[in-house]
Amino acid sequence: MKLISVSNIISEVNRYGFTKSHLFLDEKESNFLSDKCNTISRKNKIVSYLDVKPDSQSVYENNYSVKNFFQAITTNIIGVDEELDIFFNKIFSNKEVTTVLKKFTGEGYILNNLSMRYMNRNSKFVGWHQDDPNAFSLAILLNNTDHNSATTTFIKSSHMFKHKFGKSLEKINPKYFKEISHRAIGRKGEVYFFSNSTIHGVQVGSASTVIIGCFLPKEYIDKKQIFPKLTLYNKDYNIALDNELGRLLNFNDNKTYQYRQETDLKKSRFAQKNLSFKNLIMYIFLFLLSTTLTTIEFIYRLRKK
Ligand SMILES: [Fe+2]
């Protein structure tokens with residue numbers, strides 16, 4: 001595993017808010033990862049998100065997969081297979097990976113979640129949206145993807161937009177605005193990074209599986225999940241993850257789960273701050289669209305009362 005162009009990756013994030021896919025795992029490593037993940041998918045039963053008890057959301061559960069609202073199947077993959085945990089620890093201890101993560105989340109960053117996502121033509125699109133602006137993600141492709149695949153799609157340079165769009169554009173299918181967007185396509189074993197402040201969505205298409213790790217700055221240290229005592233391979237988590245992966249999860253300090261929404265960290269970690277003329281026009285357009293949609297929704301709710 002090796003990222004050759006860390007400086008390119010950093011400048012792509014600064015410029016666009018995301019990177020194109022970059023070579024990372026060699027053939028043996030990517031086959032190892034996809035084989036392990038396929039085995040987990042085959043073994044797991046699939047539970048509808050409607051049947052997942054709300055109070056269980058803070059407890060880390062890795063013995064089933066969840067079909068979410070978008071008909072995507074998500075699976076927690078830590079603590080399932082010992083070799084896989086060792087492999088993820090290797091990925092998150094990789095010097096180049098940590099350099100990129102540190103650059104955009106600061107020293108002492110933590111792992112908010114690591115999961116496998118499967119989508120296909122039967123899934124629903126995930127409309128344009130922004131997540132917590134302080135979050136930063138890494139995704140590893142588990143199969144080759146092209147323009148017909150289900151993929152995450154980004155609006156270029158939207159991480160620089162001053163207006164917080166949040167979920168206001170969520171009704172819009174990311175297949176629109178092709179001219180200003182980028183689909184995260186690439187080959188199995190490649191990796192891409194993105195800031196969750198970049199407007200993004202997921203387009204549906206042929207089946208694709210991706211591993212997504214979402215990281216947060218250390219200020220979010222109390223935003224954590226409760227881990228059970230033992231992994232599915234019957235090892236104490238404290239022993240199995242006495243490493244960087246364990247540090248990222250802060251699992252051995254099982255304090256009460258608190259959800260802290262969008263901590264305001266004030267300072268931006270992006271080097272580029274000015275929009276090009278084309279991006280400025282796009283920003284104004286999206287701002288007007290967002291305001292219009294929010295107003296329509298407000299009037300609709302008011303009339304419904
Ligand atoms: Fe998102």
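Predicted model: local features only at pLDDT ≥ 70, side-chain atom pairs only at ≥ 80, totals over all residues.

1. The pairing concerned is that of β1 with strand β2 (residues 64–67), where four bridges join strands that run parallel.

2. Strand β3 (residues 73–76) runs antiparallel to β2 and is joined to it by three bridges, with Thr-75 as the bridge partner of Ser-65.

3. These strands belong to an open sheet of seven, whose order is β1-β2-β3-β4-β11-β6-β9 and whose pairing is mixed. The edges are formed by β1 (45–48) and β9 (191–195), each of which pairs on one side only, and the twist from one strand to the next averages 30°.

4. Further along the order, strand β6 (residues 136–141) and strand β11 (residues 208–216) run antiparallel and are joined by six bridges; within this pairing, Leu-141 has Val-210 in β11 as its bridge partner.

5. The largest nonpolar core comprises 69 residues, and those with the most contacts inside it are Ile-77, Ala-139, Ile-140, Phe-193 and Phe-215. Strand β4 (residues 110–119) gives the most to this core, contributing six residues.

6. Which residues does Ile-140 contact, leaving aside its neighbours within four places in sequence? They are Phe-24, Val-191, Val-210 and Ile-211, and Val-210 is also the bridge partner of Leu-141.

Methods
Residues numbered from 1 in each chain as written. Core = buried A, V, L, I, M, F, W, Y, C linked by C-beta atoms within 7 Å. Buried ≥ 20, exposed ≤ 12 C-beta atoms within 10 Å, placed from the backbone. Helix = DSSP H or I, 4+ residues; strand = E, 2+ residues; numbered from the N terminus. Contact = placed C-beta atoms within 7 Å. Pairing = 2+ DSSP bridges. Axes fitted to C-alpha atoms, helices over the stretch in contact; angles between N-to-C directions.
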